[in-house]
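I am opening this notebook to keep track of what I look up in a structure that is new to me.

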Amino acid sequence: MVVPRDSAVGEQSPDGGRKAAKGSKRVAVVKSDKSESHTALVRRARRINRELAEIYPYAHPELDFENPFQLVVATVLSAQTTDLRVNQTTPALFAKYPTPEDLATADPEQVEEILRPTGFFRAKTKSVIGLSKALVEDFGGEVPGRLEDLVKLPGVGRKTAFVVLGNAFGRPGITVDTHFQRLVRRWKWTEATEPDKIEAAVGALFPKSDWTMLSHHVIFHGRRICHARKPACGACPIAPLCPAYGEGETDPEKAKKLLKYEKGGYPGQRLNPPQAYLDAGGKPAPPLGSA
């Protein structure tokens, strides 16, 4: 079903694309319901991913890392805090403990002091020291490249494992974080609430080769435009494809004020972002303790 709503995004053209709305703020918005066939759902989902790829051609993991060990540690530390805070904290951690062997034998109190800004620092210290010991004892000091091995490490679940597999080893995986869960349910890709069921349902809509970048596209959109409390519907380029259009601010000017990171002209999460992100107008985040 297609329901016209107010928006500055434009209208769908006959072939399903967007066209600018001259003198009008109407937009044809997809209203998904139980009448949508599986085939139609697959087409709409893949269309959204293609649109997001154009909006965020520079999408990337927003944790700073130089190798698989740094990425697995940073991802564990990102629980219950922002990637920004992790990125501001890990330079000191990896300068002092650059390898699994170093962190495995670290004094927990010294590690806790470094990790204090990330919150839950005692539990996180236990996890990163524990996973480092496991890497040394069970994997020769190397981060394994298999899901079944990664999830055996302390503090590493499927979400963390897929982040590492997709971004450190180039092996496809879907990262079901809070942003991903929120958006795929808003888009009616699935009604599931459990991460493993969401992963399976969404994975079935896309070829496996798309999974890693799909995760980046969705998470980027969730952080920048489709926020949890105040989605910027009026500034959303995929509004014509969204069944949840209207849950957030639809006034274009008000919606623009809700945009975050490079879309709003503000620094991103990484201290050392990819060059493509900088070329697109993104700004590196400031280090810990800077004004």
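Which residues lie nearest the centre of the largest cavity? Before answering, I note that this is a predicted model, in which local features need pLDDT of at least 70 and side-chain atom pairs count only at pLDDT 80 or more, while totals for chains, interfaces and linings use all residues. Residues are numbered from 1 along each chain as its sequence is written, and side-chain values use heavy atoms, with hydrogens and water left out.

Entry: I looked up the lining of the largest cavity and found 15 residues, of which Cys226, Pro231, Cys233, Cys236 and Cys242 lie nearest the centre. On a 1 Å grid over the protein atoms alone, a cavity is a set of points where a 1.4 Å probe fits but cannot get out, whereas a pocket is an open set with protein on both sides within 12 Å along at least five of seven lines; lining residues have an atom within 4 Å of a point. The largest cavity holds about 100 Å³ of space, a volume being the space filled by probe spheres set on the grid points, which are joined across faces, edges and corners.

I then turned to the largest pocket, which has a volume of about 700 Å³. Its lining counts 33 residues, and those nearest the centre are Asp83, Asp177, His179, Ile219 and Arg223. Helix 11 gives the most to this lining, with 7 residues; helices here are DSSP runs (H or I, at least four residues), numbered from the N terminus.

**Entry: nonpolar cores.** Of its 38 residues, Leu52, Tyr56, Phe180, Trp187, Trp189, Val202 and Phe206 touch the most other members. Helix 1 (38–55), helix 9 (178–186), helix 10 (195–203) and helix 11 (211–224) each supply at least two residues of this core, and the largest share, 6 residues, comes from helix 1. A second, separate core of 32 residues includes Leu77, Leu131, Ala134 and Leu135.

**Entry: aromatic pairs.** Tyr56 and Phe220 form an aromatic pair that is edge-to-face, at 5.9 Å centre to centre and 65 degrees between the planes. Rings of Phe, Tyr and Trp (its six-membered ring) pair if their centres lie within 6.5 Å, and planes under 30 degrees apart count as stacked, over 60 as edge-to-face and the rest as tilted. Both Tyr56 and Phe220 are buried, where buried means under 20% relative accessible area, exposed over 50% and partly exposed in between (1.4 Å probe, protein chains only).

Tyr58 and Tyr277 are also an edge-to-face pair, with 5.6 Å between centres and 75 degrees between planes. Because Tyr58 lies in the loop between helix 1 and helix 2 and Tyr277 in helix 13 (residues 275–279), the pair ties together parts that are 219 residues apart in sequence. I also noted that Tyr56, Tyr58, Phe220 and Tyr277 form one aromatic cluster.

Entry: Phe120 has phi near 50 degrees, a positive value in a residue other than glycine, and Phe120 is exposed, with a relative accessible area of 56%. Tyr261 has phi near 55 degrees, likewise positive in a residue other than glycine, but Tyr261 counts as buried at 18% relative accessibility.

Technical notes. A nonpolar core is a set of buried Ala, Val, Leu, Ile, Met, Phe, Trp, Tyr and Cys residues joined through side-chain atoms within 4.5 Å.
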